[in-house]
Amino acid sequence: MMADTAASPRRSGGRLASIDAMRGLVMLLMTLDHVRGDFTAVAQRLWRDASVLPANPLELETTTPTFFLMRWVTHLCAPTFVFLAGTSVNFWMLRHGRERSVGRYLLTRGAMILGINMALGLHAPFSSARLLVLGVLWAIGCSMLLLALVVRLPRALSWCLALLLVAGHDALRGYIPEGEMASVLWRLAFVRTYFEVPGVGAVYALYTVLPWFGLMWLGYLCGGVFRMEVERRRRLLSALGAGCLALFALLRLSGGYGDPTSFMAQSTGWRTMASFVNVGKYPPTLQFTLLTLGVMWLLLAWFERGRRLELLCVPGRAPLAYYVLHIICIRGLAAVLALMPEPIRGASFSAMGVVAFSVLVFVALYPVCSRIGLWRAGGYRMSGGAPA
């Protein structure tokens, strides 16, 4: 284990401040995304096409630079949370034991996170139109259960299988096996899907399991990076980030493998740039993964140099609690604001309203995260796998 130095990101409690800051940053971005998403849904019900919040801010023909950027930057959240959840498993195993004990822990934690997804993802539970959304917690919980099964595999085999999942699943696009049950299971594993369960309701699987599991598995395998000596770690993080972005650019410009949408020159400069980075998240394509992980590595290297804010580190120490609480706060806030008179309602469901209420939710939950961080002080822990 590296020695503590003035340049080290390690804090007295044993936590890595660079990882805490990284998680805190993506939670801030996640709050922006969820406020925008919930506010957009309410605005569409209130004003339909007259809403100033576009239904799909990534649709280049109908969006604006502000709304495109507001949505695009939040792509960093899910890959970072999932990857660092795997890294945290590596740290947990280092502190608490070998594969057998971490396997039990993953099964327990994964089941808990799946239960939270079922509670937060169930909409209209008492009506015939009930809908269960399988979101990022679904992907994380399932990934933890799967990781519990593979932690004892030989390291070389683990690297090969994890990379195959992340880089190879795009080759399966368009394939659906025959048979109803096989088709449903395949779509849950690889394809964003919607299906109805007669007499029960509908299921919308937004996050597919196996591509995200591949990312968590890679995060687990990369845990050793954060146990390197500080200067070596910084150089490696920077090299990994630059390498991922270079490979992304090569694939994107060549129109090759890794994303179903090709990069095309557009009518304006900003739309051309937007088309270049507008890659698929559901499921996370190889180009999407390279782009987002490249940015993550570079930000981690920047945070390793001490460029971090305590404001980001605090929620980064309590990611699961923050995730649950911010979802509840945003849903309640959107419902209350929908009942407000004009001009309060109109100002709330606007670009400035989205930003203002995102900051409000983030700041309001800061004291809660601070208390949780103090309670859990001492040793780098898994933090629930986070949403992370």
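This is a predicted model: local features need pLDDT of at least 70, side-chain atom pairs count only at pLDDT 80 or more; totals for chains, interfaces and linings use all residues.
## Arg271 and its neighbours

Leaving aside residues up to four places away in sequence, Arg271 touches Leu60, Glu61, Thr63 and Gln266.

Arg271 belongs to helix α10. Its relative accessibility is 19%, so Arg271 counts as buried, given that the cut-off for buried is under 20%. For a sense of distance, take His96: 175 residues separate it from Arg271 along the chain, and their C-alpha atoms are 50 Å apart.

## The rest of helix α10

## Ser101, around His96

Now over to His96, which turns up again as a contact of Ser101. Trp92 and His96 are what Ser101 touches once residues up to four places away in sequence are set aside. Ser101 is part of helix α4, which runs over residues 99-121.

Is Ser101 buried or exposed? With a relative accessibility of 17%, Ser101 counts as buried, because anything under 20% falls in that class.

## The nonpolar cores

The largest nonpolar core takes in 102 residues, and the ones with the most contacts inside it are Met22, Phe39, Leu147, Trp217, Phe226 and Trp297. Helix α1 (residues 17-47) supplies the largest share of this core, with 14 residues. Apart from it there's another core, of eleven residues, including Leu114, Leu132, Val203 and Ala205.

Trp297 is worth a look up close. Not counting residues up to four places away in sequence, Trp297 touches Phe83, Cys222, Phe226, Leu237, Leu240, Gly241 and Cys244. Phe226, then, is both a contact of Trp297 and one of the residues with the most contacts inside the largest core.

## A leucine patch on the surface

Out on the surface, four leucines make up a nonpolar patch: Leu153, Leu157, Leu161 and Leu164. Together they have about 320 Å² of accessible area.

Leu164 is found in helix α6, residues 155-168. Which class does Leu164 fall into, buried or exposed? Its relative accessible area is 56%, so Leu164 is exposed, the cut-off for that being over 50%.

Notes:
Residues are numbered from 1 along each chain as its sequence is written. Side-chain values use heavy atoms; hydrogens and water are left out. Helices (H or I, at least four residues) and strands (E, at least two) are DSSP runs, numbered from the N terminus. Buried means under 20% relative accessible area, exposed over 50%, partly exposed in between (1.4 Å probe, protein chains only). Contact means heavy atoms within 4.5 Å. A nonpolar core is a set of buried Ala, Val, Leu, Ile, Met, Phe, Trp, Tyr and Cys residues joined through side-chain atoms within 4.5 Å. Patches are made of residues with over 30% relative accessible area and no salt bridge: like charges are joined within 9 Å, nonpolar side chains (Val, Leu, Ile, Met, Phe, Trp, Tyr) within 5 Å. Accessible areas come from the Shrake-Rupley method with a 1.4 Å probe; for residues, only the protein chains shown count as cover. A salt bridge is a side-chain nitrogen of Lys or Arg within 4 Å of a carboxyl oxygen of Asp or Glu.
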